[in-house]
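Please look at the structure below with me.

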Amino acid sequence: MFQNRKLELLTVFATIGFVVLFLVVSAQPGHEFSGSDDVGSQMVSQLTGHPVDSFTPLIPQYVPPSGEIEATLFALQAAIGGIVVGWFFGYYGGLRRKKN
Amino acid sequence: MHIMEGFLPWQWAVFWWLIALPFVIMGVIELRSVLRKDREYLPLLAVCGAFIFILSSLKLPSVTGSCSHPTGTGLSLISFGVFITAVTGGIVLLFQALFLAHGGLSTLGANMDSMAIGGPIAGYALYRLLKNTSVNMFLTVFLVSAVADFVTYIITSLQLALAYPAQVGGVMTSFTAFLSIFAVTQIPLSILEGVLLALVFKYIVQLKPEIIERLGVFSREQIAGAQMPRDPVSPVKV
């Protein structure tokens with residue numbers, strides 16, 4: 001049974017390893033876990049000597065007014081993906097069962 | 001890996017857009033011809049696109065103490081190739097630029113070049129290299145997905161370095177600086193993404209081996225050889 005589930009086991013181990021890594025890193029002080037996009041933007045400002053705020057959009061864009069709203073929109077993005085994946089895996093599974 | 005709106009001078013924004021556009025146009029053409037050939041490809045295409053949606057929305061913590069997200073482009077590029085992935089990945093990036101202020105319309109070209117085109121090209125090259133060897137099919141998917149993810153961030157670093165060379169040391173110095181932010185953060189994430197997409201690919205092969213064979217992704221023998229016998233989810237008779 002277990003030899004048929006190699007990939008599942010590997011995924012579980014990889015996930016556990018990832019979580020342990022996170023716990024170890026987050027136990028050390030000085031990590032704020034901000035987005036690497038923002039860290040990249042700070043590096044740009046450091047290299048150019050212009051503050052981050054001085055980079056204004058070339059094309060006006062919608063900015064989520066708060067972290068909560070941003071989180072909602074990200075959850076929405078993941079949910080849309082999840083629904084599509086679940087729907088079609090179900091569809092494939094149903095087709096397969098009918099064929100057998 | 002998003003380059004934020006306004007963080008590329010307009011000359012560079014236009015330059016990266018010009019590189020991205022032919023891929024997107026080719027992708028749309030290819031997409032139409034693939035779907036015209038067989039509507040049964042549509043569900044697989046939707047699943048591939050959906051995984052880009054899901055994975056690129058997950059911002060995960062990493063060893064550098066900052067967060068980044070996987071790209072999820074591996075499935076799409078293995079199943080449908082580079083051009084169609086430019087479209088599926090481009091749609092996700094457009095969504096994030098319009099609603100989430102992650103990346104912007106002027107930097108969309110550059111962001112497509114890294115996530116939806118450049119990373120996938122590297123992954124696809126590796127896939128072609130491994131396809132007809134004895135390397136296990138799932139190992140191939142793992143490596144290809146991880147490489148597509150990782151190279152995406154190398155390209156982002158390069159794009160920023162070209163636009164912002166350091167006063168001392170020029171492009172190479174700032175390339176190293178951006179790599180230390182993006183690439184190092186991405187190592188554990190790309191490994192995790194590779195494992196996950198290999199697992200998803202296993203389920204696709206279990207449920208629909210014929211579609212993977214018909215698309216020419218892997219040969220019948222490879223699919224039969226990689227299948228794990230008497231799997232309780234769904235026994236596949238080949």
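**Helix packing and chain contact**

Q: How do you know how helix α4 (residues 108-131) of chain B and helix α5 (residues 137-163) of chain B lie to each other?
A: Their axes come within 7 Å and cross at roughly 145 degrees, where axes are lines fitted to C-alpha atoms over the stretch in contact and angles run from 0 to 180 degrees between N-to-C directions. Helices here are DSSP runs of H or I with at least four residues, and strands are runs of E with at least two, numbered from the N terminus. The model is predicted, so local features need pLDDT of at least 70 and side-chain atom pairs count only at pLDDT 80 or more, while totals for chains, interfaces and linings use all residues. Residues are numbered from 1 along each chain as its sequence is written, and chains are lettered from A in the order in which they are written.

Q: What makes B:Gly118 one of the residues of α4(B) that meet α5(B)?
A: Residues are in contact if their C-beta atoms, placed from the backbone, lie within 7 Å, and B:Gly118 is among those in α4(B) that meet residues of α5(B), including B:Val144 and B:Ala148.

Q: How many residues does each chain give to the contact between chain B and chain A?
A: Chain B gives 58 residues and chain A gives 50, and the largest share of the side of chain B, 16 residues, comes from α6(B).

Q: Why are strand β1 (residues 34-35) of chain A and β2(B) called paired?
A: Strands pair if DSSP finds at least two bridges between them; two bridges join these parallel strands, so they meet the definition. In β2(B), B:Ser66 is the bridge partner of A:Ser34.

Conventions. Contact = placed C-beta atoms within 7 Å.
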